[in-house]
Amino acid sequence: MSVIPVLPIFHRLNTEYFQGSLVKEGIPRVGIRWSDGRMKATAGLYRRKSNFFGIQECEIILSKPLLSNLPAKALESTLCHEMIHAWIDLVLKVKEVHGPYFHQRMQEINSLQNNFKVTVRHSFPTPKKAPRWLATCPSCNRSFSYQRLMKGAACRSCCNSFFKGKWNKKCLLQYERILDKK
Ligand SMILES: [Zn+2]
Ligand SMILES: [Zn+2]
């Protein structure tokens, strides 16, 4: 999986839409990094945290699993969204999430260009979860895959064909764990 360097994009967006306010003496005022492979619930986030020495640090994390397979404009709009959060926090020093300052800056940026569109929610498709269980019917030998194990589930087609649609233990599904093939 190839991951695009995000720092040049950050510097360009900072110059174009934040009047350079997110960089001080050449150094970004907010850390920017790609997530590991597990961050799948959101495309990006901005956070402030205390480091080991109790010093406040802030960073933007971009989801590697969600963004690395999408076109560049998805990365730009996500990064820009998180940069608005950083700008509100570090430059305006206002406590706000998606409030009036956020909306105003978002609309300004969207009206200035047509390459990407900043939205309030990151609405990128989240990958479907891989099935974890393989269920096999002992009667017809067909297999089905499921996200979760359902105790006592029987093969519907066999129950319909042989038992008048009533549950019967002769076609009780047998589960096997699917191991991650990654
Ligand atoms: Zn946000
Ligand atoms: Zn069956």
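Predicted model: local features only at pLDDT ≥ 70, side-chain atom pairs only at ≥ 80, totals over all residues.

Leaving aside its neighbours within four places in sequence, with which residues is Trp87 in contact?

1. Beyond its neighbours within four places in sequence, Trp87 is in contact with Phe18, Ser21, Leu22, Leu92 and Arg105.

2. Trp87 also belongs to the largest nonpolar core, which has 21 residues. Together with Ile60, Leu79, Cys80, Met83 and Ala86, Trp87 touches the most other members of that core. Two or more residues of this core are supplied by each of strand S5 (56–62), helix H2 (64–67) and helix H3 (72–92). The largest share, eight residues, is that of H3.

3. As to secondary structure, the chain contains five helices and eight strands. Read from the N terminus, the order of the elements is α-β-β-β-β-β-α-α-α-β-β-α-β.

4. The overall dimensions deserve attention. The radius of gyration of the chain is 24 Å, whereas a compact globule of 182 residues would have one near 16 Å. Along the principal axes, the C-alpha atoms fill a box of roughly 75 × 40 × 30 Å.

5. Of the 182 residues, 20% count as buried. Among contacts with a separation of 6 or more, 56% are between residues 24 or more positions apart.

Key:
Residues numbered from 1 in each chain as written. Chains lettered and ligands numbered in written order. Core = buried A, V, L, I, M, F, W, Y, C linked by C-beta atoms within 7 Å. Buried ≥ 20, exposed ≤ 12 C-beta atoms within 10 Å, placed from the backbone. Helix = DSSP H or I, 4+ residues; strand = E, 2+ residues; numbered from the N terminus. Contact = placed C-beta atoms within 7 Å. Rg over C-alpha atoms; globule rule 2.2 N^0.38 Å.
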